[in-house]
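Let's take a walk through a protein structure together. Keep the picture open as you read.

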Amino acid sequence: MILEPDRTIRPAPGSHEYFMELALREAARASEADEVPVGAVLVAGGQVLGRAHNQRETLRDPTAHAEMIALTQASGALGSWRLEGATLYVTLEPCAMCAGALVLARVERLVFGAADPKAGACGSLFDIVRDARLNHRLDVVGGILEPACSALLRDFFRGKR
């Protein structure tokens with residue numbers, strides 16, 4: 001099943017901003033479900049193969065991060081665990097678990113919005129996705145729509161205090 005992007009988004013189709021807007025919409029869905037607002041969209045060949053938001057609380061599953069769910073959807077859509085040539089767009093820099101999964105899935109590129117200095121494993125705290133000791137490395141682009149990605153997280157946690 002290939003998921004179609006929402007055509008009402010203003011950024012140029014196919015741009016990093018376009019797909020990050022889709023990830024932001026997923027993050028908003030997480031917030032509405034009282035989940036930490038992180039959204040992810042996995043794209044290959046200009047097509048959305050997976051889109052998800054955090055569902056750890058909903059599914060009572062510590063691995064139900066947006067990235068992990070999007071990877072599973074994309075693998076199902078392609079009929080393969082190898083996601084070569086794919087790009088993952090995610091609103092928050094992935095953690096160690098998700099970064100490891102990106103490497104294992106052979107994702108080509110990671111594009112994230114907000115850096116995560118406390119748990120980020122793609123340049124902030126660790127840099128798993130570019131570790132030369134591993135058999136695969138990703139291209140990484142950070143800071144895409146960072147103000148919007150950060151604001152969503154900040155507002156969510158402010159509401160929790």
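The paragraphs below go from the overall fold to the cysteines.

This is a predicted model, in which local features need pLDDT of at least 70 and side-chain atom pairs count only at pLDDT 80 or more, while totals for chains, interfaces and linings use all residues. Residues are numbered from 1 along each chain as its sequence is written, and side-chain values use heavy atoms, with hydrogens and water left out.

Start at the N terminus and follow the elements: they run α-β-β-α-α-β-α-β-β-α. That gives five helices and five strands. Here helices (H or I, at least four residues) and strands (E, at least two) are DSSP runs, numbered from the N terminus.

How far does the C-alpha trace span along its principal axes? The answer is about 40 × 35 × 30 Å. Inside the chain, 48% of the 161 residues count as buried, meaning under 20% relative accessible area with a 1.4 Å probe, protein chains only. Contacts (heavy atoms within 4.5 Å) also tell a story: among those with a separation of 6 or more, 56% join residues 24 or more positions apart.

Now look for the cysteines. The structure holds zero disulfides, a disulfide being a pair of cysteine sulfur atoms within 2.5 Å. For Cys95, the nearest cysteine sulfur is that of Cys98, 3.8 Å away. Cys95 is buried, as its relative accessible area is 18%. Cys122 is in no disulfide either, and its nearest cysteine sulfur, that of Cys95, is 8.5 Å away. Cys122 is buried too, with a relative accessible area of 1%.

How values were computed
Buried means under 20% relative accessible area, exposed over 50%, partly exposed in between (1.4 Å probe, protein chains only).
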